[in-house]
Amino acid sequence: MDYLPLFTRINSKTCLLVGGGTVALRKAGALARAGATLRVVAPAISEELKALCGETGGEIAEREYTDTDLDGVMLVIAATDNEQLNQRVSASAQARNILVNVVDQPELCSVILPSIIDRSPLIVAVSSGGRSPVLARLLRAKLESTIPAGYGRLADLLGQFRDKVRARIPDFDRRRDFWEQVLQGPIAELVFAGRRDAAAAMLEDEIGTAKPDPRGEVYLVGAGPGDPDLLTFKALRLMQKADVVLYDRLVANEIVDLCRKDAEKIYVGKARSRHSMPQDDINQLLITLARQGKRVLRLKGGDPFIFGRGGEEIAGLADEKIPFQVVPGITAAAGCASYSGIPLTHRDYAQSVRFVTGHLKDGSMNLPWAELVHTQQTIVFYMGLLGLPVICREMIAHGRSADTPIALIQQGTTPNHRVLVGTLESMPGIIERESVAAPTLIIVGEVVKLREQLAWFENLSPQTL
Ligand code: SAH
């Protein structure tokens, strides 16, 4: 950031304008609107500028500039086409720590004037750091059309109730929530519709009934399979709102980094058979934090309701009457399949798809194998790496052909995305030879063959067998 934006109170302060033409007049207008007392110095000063200067109770000196003109001045603007003079004004002002702006010469400025949208008391300022004032002006025009005049009236009304709201709701976060709701609700609409009195009455009511205590809530959010671009807008919005974030192993660091910078981040782990925080403790922690009035984000890999134990986490919240929202995410099956060129269904090869857990318990998997071996369906195994030999063996034993294609996708949608393809018969041998890193997803079915035809578009440089 080259410049620090500041809004400066110049009311009744003397501001010097060196120059008497149209550019000087424009600058004088802005200074006068902010209440400055003008001092204008130039050998020739336009009548309009003289009049304006008079209105501010200022002084007019129709002669060459001298350094004593800077006496008692807070800000000076040089609007002349005399480069030497501009330089002199700039040097003298800076030597005396007086703010100086030279029109169109950013290198001579200690302050620059932004393009502004004036909805007083609301002011939006746009600056290109002196690089391209035209660009800043174009951007201002765009913003201008999206900020209705009513915003100024709204800011004015809210300003009048500030102290009252602060007295009623001392907690900062809670107060911010209150104002967010007011700004997005019917009160703002009434102001825009020109019904200021009705809006004020309604705001008065809202303040009277507002609960002063912070009200915590929980967002159970799916973060997708790995690629941060697969987050939803809603996920990102809540990630930037939450005060505290609980995330686990499946959520990539780049995604955690997108959360609000000052949010507290708690790693709750979960590696295969090594739970760094037991599920019950996670459930309890969500409740405890929300009770403290925090906005708690529970960030989960993929989709929270697909092998994510999301149901258990919100059950506890529901029992405690803690408000929560659930935001779906792209589940590993969808992410891995599309980034690998494997459609999960296909008119010719698979009319259904089934998501199954391949988690091993006591060395076996209690699955309805007879249902899983029907042809014309795709089976996706989550958590199946350790159990892969069992999966292949059982599917063949229950009647699925040994040459049925199977894909193992490692760290799908991340830069380490890698796809191993084989058959039910060959895959156990393949993973013995290859070193494979978790998480991995297994897709079984004829659709895997389509990858040969479709994967040319893959842009993640996967290695394939
Ligand atoms: N809720 C998650 C699944 C959690 S279960 C979702 O909807 O995706 C954890 C399993 O998901 C892992 O064992 C693995 O099988 C799968 N998984 C999650 N992310 C993955 C990824 N990027 N690549 C491959 N598999 C993944």
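The dialogue below goes through helix packing, ligand contacts and some backbone features of a predicted model.

Q: How are two packed helices described?

A: Two packed helices are described by the angle between their axes and by the distance between those axes. Take helix H5, residues 150-168, and H8 as the case here: their axes come within 11 Å and cross at roughly 20°. H5 is therefore roughly parallel to H8, since angles under 35 degrees count as roughly parallel.

Q: What is the hand of the crossing of H5 and H8, and which residues in H5 and H8 meet?

A: The crossing of H5 and H8 is right-handed. On the H5 side, the residues in the contact include Arg153, Asp156, Leu157, Phe161 and Lys164. On the H8 side, they include Arg196, Ala199, Leu203, Glu204 and Ile207. Sorted by class, the contact of H5 with H8 has 8 nonpolar, 3 polar and 6 charged residues.

Q: At what angle do H6 and H8 pack?

A: Helix H6 covers residues 172-184 and helix H8 covers residues 196-209; the two pack at an angle of about 150°, with their axes 12 Å apart. H6 and H8 are therefore roughly antiparallel to each other, because angles over 145 degrees fall in that class. Their crossing is right-handed.

Q: Which residues in H6 and H8 meet?

A: H6 brings Phe178, Trp179 and Val182 to the contact, and H8 brings Leu203, Glu206 and Ile207. By class, the residues of this contact of H6 with H8 are 5 nonpolar, no polar and 1 charged.

Q: How do H5 and H6 pack, in angle and in distance between axes?

A: H5 and H6 pack at about 150°, and their axes are 12 Å apart. H5 is therefore roughly antiparallel to H6. H5 passes H6 in a right-handed crossing. Leu154, Leu158, Phe161, Arg162, Val165 and Arg166 in H5 meet Arg175, Phe178, Trp179, Val182 and Leu183 in H6. The contact of H5 with H6 divides into 8 nonpolar, no polar and 3 charged residues. Phe178, Trp179 and Val182 of H6 also meet residues in H8.

Q: Turning to the ligand, which residues around the ligand come nearest?

A: There are 18 residues around the ligand, and Pro225, Asp303, Ile306, Thr331 and Thr440 come nearest.

Q: Where does Ala332 lie, and with which residues is Ala332 in contact, leaving aside its neighbours within four places in sequence?

A: Ala332 lies in helix H13, residues 332-340. With those neighbours set aside, Ala332 is in contact with Pro225, Ala337, Tyr382 and Leu441.

Q: What is phi of Phe307, and where does Phe307 lie?

A: Phi of Phe307 is near 45°, a positive value in a residue other than glycine. Phe307 lies in the loop between strand E11 (295-300) and helix H12 (310-319).

How values were computed:
Residues numbered from 1 in each chain as written. Predicted model: local features only at pLDDT ≥ 70, side-chain atom pairs only at ≥ 80, totals over all residues. Heavy atoms only, no water. Axes fitted to C-alpha atoms, helices over the stretch in contact; angles between N-to-C directions. Helix = DSSP H or I, 4+ residues; strand = E, 2+ residues; numbered from the N terminus. Parallel < 35°, antiparallel > 145°, perpendicular 65-115°, else oblique. Left-handed = near helix turned anticlockwise from the far one by under 90°. Contact = heavy atoms within 4.5 Å. Nonpolar A, V, L, I, M, F, W, Y, C, P; charged D, E, K, R; others polar. Near = heavy atom within 4 Å.
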